[in-house]
Amino acid sequence: VKNAEFLQQAALEEYGPELHVALRSRRDELHYLRKLTELLFPYILPPKTTECRSLALLIREILPGSVFLPSMDFLADPDTVNHLLLIFIDDSPPEIATEPTSSLVPFLQKFAEPRNKKSSVLKLELKEIRDQQDLLFRFMNFLKQEGAVHVLQFCLTVEEFNDRILRPELSDTEKMSLHEEVQKIYRTYCLDESIDKIRFDPFIVEEIQRIAEGPYMDVVKLQTMRCLFEAYEHVLSLLENVFTPMFCHSDEYFRHLLRGAESPTRNSKFNRTTQKRGESFGISKIGNKIKGVFKSSAMEGAMLPNYNLNEGEDDFIEEGVMVMEDDSPEEAVTTPNTPRNLAAWKISIPYVDFFDDPSLERKDRKERIPVFCIDVERNDRRAVGHEPEHWSVYRRYLEFYVLESKLTEFHGTFPDAQLPSKRIIGPKNYEFLKSKREEFQEYLQKLLQHPELSNSQLLADFLSPNGGETQFLDKMLPDVNLGKIIKSVPGKLMKEKGQHLEPFIMNFINSCESPKPKPSRPELTILSPTSENNKKLFNDLYKNNANRSENTERRQNQNYFMEMMTVEGVYDYLMYVGRVVFRIPDWLHHLLMGGRILFKNTLELYTDYYLHSKLEQLFEEHRLVSLITLLRDAVFCENTEPRSLQDKQKRAKQTFEEMMRYIPDLIGKCIGEEAKYEGIRLLFDGLQQPVLNKQLTYVLLDIGIQELFPELSK
């Protein structure tokens with residue numbers, strides 16, 4: 001290229017399809033940054049943030065459009081590149097800092113610290129939560145989702161224990177009962193193998209162990225010992241300082257604040273499902289209640305009874321279902337206070353049977369419905385002296401899909417355990433269910449092997465003979481009867497025969513069109529950028545980047561008579577630049593090749609040392625602040641006046657002069673002053689091309705992202 005004006009175009013044509021995808025056009029650049037932002041979401045956002053689609057979309061638009069894109073434009077600007085080159089080349093000693101160096105803190109700590117110490121009106125204290133029955137239930141539900149219900153359970157258990165032990169005179173029976181309670185506390189919260197273990201100081205665990213394993217008479221020592229008191233203080237501190245603030249930012253608390261703002265349909269559904277009223281019990285009794293209900297699985301739609309709720313008050317569960325375990329020992333399957341491990345249950349679907357549905361009667365006969373027969377064997381209670389139990393459960397075809405939707409709602413999807421596609425149209429007769437028997441059996445068996453479902457109340461109800469007869473039938477929708485729809489069309493046509501034919505045809509055509517969306521439920525649409533956004537997206541410096549299509553091919557200009565060598569390390573890079581850019585004479589090239597074995601490692605170590613010392617100077621706080629301020633102004637201060645053309649030209653001229661002085665005189669004499677000038681001119685002109693700078697910037701960005709987040713390469 002003889003003229004610098006054509007340098008950028010020639011380089012872009014040489015890149016061809018190897019050009020970075022972000023440089024094809026400005027829209028491709030924005031799209032690339034959006035995709036990159038989405039890739040980083042799991043690593044830079046809290047775990048539950050991405051579940052909110054509106055927030056994820058908002059962040060996905062703000063970060064690429066308002067932060068990343070202006071930053072890349074700023075870094076690739078030739079004026080910025082010249083500024084960075086001047087900083088690097090400058091050998092004058094750096095100015096001395098006028099202020100002492102700030103103390104080192106974790107990245108963005110000062111930014112994250114709250115400046116306003118005044119507590120929010122939405123903030124709650126643990127005492128307020130415990131005083132309100134509805135809030136306490138929601139708090140327990142939140143702890144259930146976080147897998148920390150045992151923390152609250154320990155707190156309530158110790159309070160109840162202290163009420164019993166702090167009495168003047170204790171009988172032997174009471175001491176034995178208290179000793180059993182201490183043993184239970186030790187087994188549940190102190191043993192390493194317990195799923196509800198809480199990490200206490202070793203001396204606390206040792207003292208509780210000594211009392212639990214000693215004679216029951218020693219239990220009275222806990223009246224004056226500090227181990228249980230300190231354990232209680234530790235757990236209370238966790239609840240107040242960790243879980244209560246988390247609860248105040250959770251969906252559960254916001255649902256409580258918005259109670260009553262939901263639709264009337266949800267109110268009516270809730271009122272139909274809450275039947276037990278007027279029951280009340282103290283905080284200590286709640287401790288007993290939650291011991292069996294909340295273990296280590298998700299709170300799958302379970303509701304406490306409605307304690308004196310006013311009519312019209314709403315709750316957060318759209319289809320509330322009573323799935324609490326009963327305290328009465330009617331069914332061996334739901335014996336209270338018995339640990340349940342569904343992974344130890346064995347199930348099979350040996351055959352398909354018919355079930356007489358008394359609710360569907362036709363002409364004095366009950367309709368026979370094909371159902372799956374599920375054989376269940378429970379083996380998880382042998383440790384407490386129970387023999388294996390066997391029973392059979394009959395479930396309809398659609399009940400399986402109700403179970404799947406409920407489990408998905410509370411636990412998310414299970415990729416390895418999914419039902420086949422649901423048949424909407426067509427008979428679900430005996431032959432059809434028989435063909436699906438093995439798939440449904442495999443689905444249940446895989447569900448039982450998932451650890452998070454090992455204590456699932458929903459799955460246990462589904463496999464229990466009298467568990468949840470209605471909750472899996474309520475959501476079953478009637479099949480679509482296409483026969484009725486098709487049969488009704490000729491009737492409508494006959495009514496209109498010969499009467500107002502033209503309006504009828506127009507109405508019929510309109511009825512065939514897809515219905516327009518109702519104004520009450522607007523669809524979420526992502527609009528194309530407006531003209532104002534286009535002004536920000538396209539600018540005079542970058543225009544439309546390379547303005548290339550996706551299928552641009554590279555022209556083959558390879559010289560097959562020249563041997564290609566790979567370059568590796570700073571020594572090889574300098575030789576390549578010397579040969580191609582500065583056109584060093586052959587004798588010097590041969591001399592450098594001969595000294596490569598001797599000097600390559602030495603030069604690269606010196607280069608590492610040199611770059612390290614340069615970066616140490618640049619990373620001094622008072623110098624780094626100026627660079628951060630430049631980037632901040634470019635990204636966030638859109639209304640600031642840009643640098644004038646004269647200032648940019650002055651900086652460019654200064655940069656070229658400094659680059660000329662940077663090359664040692666000895667090298668200039670070896671390669672010749674003219675070759676030195678032409679080589680520096682070519683390097684300088686290359687760095688004045690904005691799109692080529694952006695190619696380099698995106699390559700460096702990809703390398704930086706891969707080093708910061710090595711998980712992406714997996």
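Start by selecting Tyr573, which lies in helix α21. The model on screen is predicted. With a relative accessible area of 46%, Tyr573 is partly exposed, because buried would require a value under 20% and exposed one over 50%.

**Around helix α21**

Show the surroundings of Tyr576: leaving out residues up to four places away in sequence, Tyr576 touches Val567 and Val581. For a distance check, pick the C-alpha atoms of Tyr576 and Thr566. These two residues are ten apart along the chain, and their C-alpha atoms are separated by 10.0 Å.

**The whole chain**

Now zoom out and colour by secondary structure. The protein chain has 28 helices and three strands. Switch to a surface view: the chain exposes about 46,100 Å², of which carbon and sulfur atoms supply 55%. Of its 714 residues, 36% count as buried. How much of the contacts with a separation of 6 or more comes from residues 24 or more positions apart? The share is 75%.

**Salt bridges**

The structure holds 26 salt bridges; three of them are visited here, one after another.

Go to helix α23, residues 596-618, and select Lys600 and Glu604. Their side chains meet in a salt bridge, with 2.8 Å from N to O. Why are these two residues separated by about one helical turn? They are four residues apart in helix α23, so about one turn of the helix lies between them. Are Lys600 and Glu604 buried or exposed? Both are buried.

Some salt bridges share partners, and in this way Arg34, Lys35, Glu38, Arg60 and Glu61 are joined into one network. Select these five residues, then zoom to Glu61 and Arg60. The side chains of this pair form a salt bridge at 2.7 Å, N to O. Glu61 is partly exposed, at a relative accessible area of 29%, whereas Arg60 is buried, at 13%.

Next, select Glu438 and Arg437. Their side chains also meet in a salt bridge, here with an N to O distance of 3.7 Å. Glu438 counts as exposed, because its relative accessibility is 56% and the cut-off for exposed is over 50%.

**A patch of negative charge**

Return to the surface view and select Glu125, Glu128, Glu233 and Glu240. These residues gather in a patch of negative charge on the surface. Glu125 sits in the loop between α5 (109-112) and α6 (126-131). Its relative accessible area is 45%, so Glu125 is partly exposed.

**Last stop: Thr80**

Finally, select Thr80 in helix α4, which covers residues 78-89. Is Thr80 buried or exposed? Thr80 is buried, with a relative accessible area of 8%.

Methods. Residues numbered from 1 in each chain as written. Predicted model: local features only at pLDDT ≥ 70, side-chain atom pairs only at ≥ 80, totals over all residues. Heavy atoms only, no water. Buried < 20%, exposed > 50% of the residue type's maximum accessible area, 1.4 Å probe, protein only. Contact = heavy atoms within 4.5 Å. Areas by Shrake-Rupley, 256 points an atom, 1.4 Å probe, with all protein chains shown as cover. Patch = residues over 30% accessible without salt bridge, like charges linked within 9 Å, V, L, I, M, F, W, Y side chains within 5 Å. Salt bridge = Lys/Arg side-chain N within 4 Å of Asp/Glu carboxyl O. Lys, Arg positive; Asp, Glu negative; His and termini not counted. Charge placed at Lys NZ, Arg CZ, Asp CG, Glu CD.
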